[in-house]
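Hi everyone, thanks for making the time today.

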Amino acid sequence: MKYLWKNIPKYIRYVIVQALSLFLLMVLFRLIFFFFFFQTTVAGNAPVVKAWGLGLRFDMRLALILVIPLLLFAVIWRNAFFTKPFIRLFTFIYLFIVYFLLIWHYIFDLGHFAYLGIRMDPSVFRFFLDGERADNARMLWQTYPILRTVAAVGLFLFLMYRLYSRTYRRMAKEKAVLLTPGRYIGWLAGTVIVFAAGIYANVAYFPLRWSQAMFTRDNGITSLALNPVLYFVSNLSVQKDTYDLDKTKKYYPVMAKYLGVENPDAEKLNFVRQITGADPGKKMNVILVMLESTGASVTSMYGNPMQATPNMKRLADSGILFRNFFVPAISTARTVYGVTTGLPDITSAKTASRHPQMVDQRVIMDQFKGYEKFYLLGGNTNWANIRAVFTNNVEGVKIYEEGYYKAPKADVWGVSDYDLITEADEIFRDAHQRKQPFIAFLQLADNHPPYTTSSGAGDFRKVTEKDLDMVKFKKAGFVSVDQFNALRYEDYNVGHLVDLARKSGYLENTVFIMFGDHNCTLNPYHFMPVPEYELASGGVHTTCFIYSPGFIKPAEISYPVSLVDVYPTMAKLVGMPVKNYTLGQDMLDSTNAADRYAFSIYTKNLQAYMSVIGERYQYEINEKTQSAALYDLKGDPLKDVKAQQPDTAKKLDNLTRAFYESTRYLMFNNKK
């Protein structure tokens with residue numbers, strides 16, 4: 001074997017050594033991912049072994065691709081590869097750049113996976129947009145050991161530089177072997193064949209493709225099978241967000257019938273419905289509370305074993321709990337846009353709030369005549385261009401953000417939730433004392449990395465592993481005790497908000513609606529009525545309840561409702577006559593409960609799906625392949641029954657596409 005190795009021309013050997021070094025680096029990161037980040041619900045070892053096999057082949061492909069420039073220099077210059085100063089300089093600089101970019105990509109990919117539960121794709125560029133880079137940088141600084149990471153990367157790059165430069169110099173000292181033209185052609189052909197086979201990486205008609213990694217419906221297995229760099233590159237070609245007028249018109253009758261449009265017009269594409277007013281006896285205040293990263297599955301109302309949200313449960317038990325409330329997509333910015341505009345944010349790369357053509361909308365909040373309007377955020381509203389969603393669409397809205405509050409900033413997201421609520425109460429109390437009805441959007445943020453918690457009024461205490469039943473904790477799905485404490489802190493502040501409203505005198509005259517913007521990243525859990533973790537609907541299934549003592553009676557609603565339904569519901573509930581131009585409906589209207597569905601987009605197995613989720617059926621369409629599946633949530637919920645129920649599948653296919661095309665159209669054509 002040693003003789004065979006030495007018999008290979010040294011310039012080819014050097015390229016092989018560098019390819020092997022890069023491959024081993026990728027394997028190292030694959031091991032880190034496997035032991036510290038990998039989660040799966042698939043039983044048995046066979047899928048894991050297969051994922052490893054595919055992953056190693058992807059790693060081999062990337063390693064070989066990265067050393068192609070060195071191979072070209074080697075086979076062209078041959079032994080002069082080690083004698084030409086410019087080749088040595090190019091080799092050292094090129095390898096340094098490759099290792100630098102590769103290491104940082106893997107580090108960011110692991111951080112992205114820990115944060116969102118999926119591999120990094122080009123949508124990550126949204127975190128580098130103007131006005132947001134600083135906030136995101138501070139979040140990273142406060143959440144992760146940046147200095148130690150930079151130092152470790154610097155040390156590693158120095159060691160790798162010493163290794164590949166030492167290898168270069170050692171091989172340069174070896175005696176050059178002069179090859180006959182025939183032997184040189186033989187080595188050249190053999191090397192090209194080996195490289196081509198390694199890059200092809202498949203014993204089949206087609207080369208290895210990323211779709212082969214998606215041989216299960218499990219996100220963990222697929223993530224293990226992919227190479228994060230190749231996956232990122234494969235997603236760089238993102239089509240520009242737009243709409244298709246012909247498709248909108250095609251599916252308009254379906255959407256108009258579903259929404260109950262009063263004067264349907266397939267040419268003018270009219271979606272307007274009138275919400276009639278009623279006199280409830282007095283003008284009720286409205287406070288919308290967005291609960292950061294608060295999915296249904298983590299709260300006490302939906303059976304989580306850890307029962308972390310007793311205050312929310314107390315309020316939900318006294319109000320109206322929505323058992324099946326879904327947001328259209330997993331993103332805080334998408335939720336703020338969606339609830340305010342009544343349109344699902346289905347943009348492919350950025351978010352709609354960052355798209356100038358999509359910000360201008362006719363919204364219901366603007367139509368609350370006689371009401372003062374507030375938007376309160378602990379941080380800066382330049383985040384995700386959220387400021388424009390309100391200031392561009394809601395006349396007279398008063399925005400309260402960092403710089404206004406007396407309390408100091410707690411972290412990158414601004415003042416703590418406790419301080420935000422305390423100072424918000426002063427604003428609400430002032431309006432109440434002036435007998436001025438108000439509608440407010442209060443956005444909480446601390447249930448989010450870096451999971452900053454304060455002592456509140458001095459009585460909030462974080463728990464540790466010693467305080468917990470870790471067997472029950474694991475079943476509950478939480479990924480860390482810090483995450484669990486942040487949820488407890490959010491619940492504590494919900495109680496704080498209601499206590500202040502009671503003391504300040506406006507509790508009885510206020511309707512609270514509290515809803516999660518999306519679920520948090522969780523380990524597998526199986527206590528919900530349907531296997532939503534496996535179906536991927538768990539990410540968009542969030543908590544939602546309405547609380548108003550003395551004004552509404554306790555109830556539970558099991559038919560599905562959507563984030564875009566929030567404002568139409570509040571307008572109807574408080575008797576405010578408005579025009580609804582978009583896709584929201586009254587959540588309390590049970591007239592067509594059996595045919596009620598929530599439209600959502602989620603990522604499953606690293607692929608995007610658009611879906612409608614009902615009380616019995618969940619129908620999904622793969623956005624890339626257009627393949628579809630129908631799941632009977634009251635039968636075998638993981639079995640595709642599309643073939644057995646073609647009529648239901650066809651009906652829901654039309655509804656899903658109607659939601660999708662209508663949304664794309666209205667995002668550009670609902671201007672004031």
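I'll start with the overall fold, then go through salt bridges, and finish with a charged patch.

A word on the ground rules. This is a predicted model, so local features need pLDDT of at least 70 and side-chain atom pairs count only at pLDDT 80 or more, while totals for chains, interfaces and linings use all residues. Residues are numbered from 1 along each chain as its sequence is written, and side-chain values use heavy atoms, with hydrogens and water left out.

First, the fold. The chain has 21 helices and 17 strands; these are DSSP runs, H or I of at least four residues for helices and E of at least two for strands, numbered from the N terminus. Along the principal axes, the C-alpha atoms fill a box of roughly 100 × 60 × 50 Å.

Now to the salt bridges. Side chains of opposite charge can pair when their charged atoms come close. The rule used here asks for a side-chain nitrogen of Lys or Arg within 4 Å of a carboxyl oxygen of Asp or Glu, and the count comes to 24 salt bridges.

Arg-434 pairs with Glu-372, with the closest N and O atoms 3.1 Å apart. This pair links distant parts of the chain, 62 residues apart: Arg-434 is in the loop between helix H16 and strand S7, and Glu-372 is in strand S5. Arg-434 is partly exposed at 41% relative accessibility, whereas Glu-372 is buried at 15%. Both belong to a network of salt bridges that links Glu-372, Lys-398, Asp-430 and Arg-434.

Next, Arg-596 and Asp-565 meet at 3.6 Å, N to O. Arg-596 lies in the loop between strands S13 and S14 and Asp-565 in the loop between strand S12 and helix H20, so the pair ties together parts that are 31 residues apart in sequence. Are these two partners buried or exposed? Arg-596 is buried at 6%, and Asp-565 is buried at 3%.

Asp-632 sits in strand S17 and Arg-616 in the loop between strands S15 and S16, 16 residues apart. Asp-632 counts as buried at 8%, while Arg-616 is partly exposed at 40%.

Finally, the surface. Arg-88, Arg-162, Arg-166, Arg-169 and Arg-170 gather in a patch of positive charge. Patch residues have over 30% relative accessible area and no salt bridge, with like charges joined within 9 Å. Which helix gives the most to it? Helix H7, residues 146–173, with 4 residues. Arg-170, in helix H7, is partly exposed at 48%.

Ala-172 is also in helix H7, and its C-alpha is 75 Å from that of Ala-316, 144 residues away in sequence.

Definitions and conventions:
Patch = residues over 30% accessible without salt bridge, like charges linked within 9 Å, V, L, I, M, F, W, Y side chains within 5 Å. Areas by Shrake-Rupley, 256 points an atom, 1.4 Å probe, with all protein chains shown as cover. Lys, Arg positive; Asp, Glu negative; His and termini not counted. Charge placed at Lys NZ, Arg CZ, Asp CG, Glu CD. Buried < 20%, exposed > 50% of the residue type's maximum accessible area, 1.4 Å probe, protein only.
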